[in-house]
Amino acid sequence: MSRVYNFSAGPAVLPEEVLKEAADEMLDYNGTGMSVMEMSHRSKAYEEIINTAEKDIRELMNIPDNYKVLFLQGGASSQFAMIPMNLMKNKVADFIITGQWAKKAYKEACIYGKANILASSEDKIFTYIPDCSDLPVSEDADYVYICENNTIYGTKYKTLPNTKGKTLVADVSSCFLSEPVDVTKYGIIYGGVQKNVGPAGVTIVIIREDLITEDTLPGTPTMFKYKIHADNKSLYNTPPAYGIYICGKVFKWLKAMGGLSVMKEKNEKKAKILYDYLDQSKLFTGTVVKEDRSIMNVPFVTGNADLDAKFVKEAKAAGFENLKGHRTVGGMRASIYNAMPEEGVVKLVEFMKKFEMENLK
């Protein structure tokens, strides 16, 4: 069977070159006579894998020396607790709510201290990013928290919030490595890798060193202390070894493609193909205000739930997988991450045009 066009929001499409390389090395990695899956995380071979992965992501993102790169477990969701446990010195944190994941992070922070909502786009079902140029940031806030790209709703911050000098913490799970970023604007920039970087099971946390201290909230489990992972170079316990190995291959692939500036151009071009069609379609409508559109996740609807279901079913039969929208919003969503080829988006639009002709009354 030939490969489908996989528009899943995560776990998501990976570069074919990476999958083929991993397949070639499955039984014998680099002459070790074993798979990376079977390898001790304390071995020289694995040490080289994780060190090279860190070196490559540092180069890709131009990460300054005063930031640590941690390869952790527990998904982005475990960071909802880990961040307040480590950063809430004053027990105050500010949140901008632009979707379900920021909301979940906010609710988790409420367990550990006072969490304030500075702005929210829930009034219009998270279809826009609020104006964050002059927010009532709390004077004693330990940090300001955002989810930078909203996978479910298809919005993306084009300008980072004015945090009035407070530490910015950002969940970038679904826009990780899709474009260049200035890491120095963040205290913590983190994400689960299963959307745009690798297989499910790895969370990458890039954290400024001054935020890594012994001074965590009472009762913080050892595994939830950034310091323990930083001091042990992400090898305090057995890491998600195979997942990190695949991430390392994706970093190499991104470097070979020309880096994040090139990826941004490619991603913008792919997104434009789909958005341009949606903007002139008489059947399909994009759900996000134009200025806040994500180039990674594109939600759209016909306005008729039965027709949406018909589209998803016929698209699947035609080789376009995982186009059903998130269960909380319905409709459709095409996630067009780094590894989705432009051809996949072109073919999807061709299919949508055909569907429109056949179903427009």
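## A tour from helix α6 to the cysteines

Select helix α6 to begin: 13 of its 17 residues are buried, so α6 is largely enclosed by the rest of the structure. Buried means under 20% relative accessible area, with exposed over 50% and partly exposed in between, using a 1.4 Å probe and protein chains only. Helices (H or I, at least four residues) and strands (E, at least two) are DSSP runs, numbered from the N terminus.

This is a predicted model, in which local features need pLDDT of at least 70 and side-chain atom pairs count only at pLDDT 80 or more, while totals for chains, interfaces and linings use all residues. Residues are numbered from 1 along each chain as its sequence is written, and side-chain values use heavy atoms, with hydrogens and water left out.

Stay on α6, residues 241-257. The expected span of a helix is 1.5 Å times one less than its number of residues. Next select G258, which follows α6 and has a positive phi, near 115 degrees.

Now show the largest pocket. A pocket is an open set of points on a 1 Å grid over the protein atoms alone, where a 1.4 Å probe fits, with protein on both sides within 12 Å along at least five of seven lines; lining residues have an atom within 4 Å of a point. Of the 20 lining residues, N338, A339, M340, P341 and E342 lie nearest the centre of the largest pocket. Helix α7 gives the largest share of the lining, four residues. By type, the lining has 11 nonpolar, two polar and seven charged residues. Here Ala, Val, Leu, Ile, Met, Phe, Trp, Tyr, Cys and Pro count as nonpolar, Asp, Glu, Lys and Arg as charged, and the others, Gly among them, as polar.

Move to L168 in strand β8, residues 168-171. L168 counts as buried at 4% relative accessibility. Leaving out residues up to four places away in sequence, its contacts (heavy atoms within 4.5 Å) include V144, I146 and Y186.

Then go to H229 in helix α5, residues 226-231. H229 is buried too, with a relative accessible area of 4%.

Finish with the cysteines. How many disulfides are there? The count is zero, where a disulfide is a pair of cysteine sulfur atoms within 2.5 Å. The sulfur of C132 is 13 Å from the closest cysteine sulfur, in C147, too far for a bond. C175 is in no disulfide either, since the nearest cysteine sulfur, that of C147, is 7.8 Å away.
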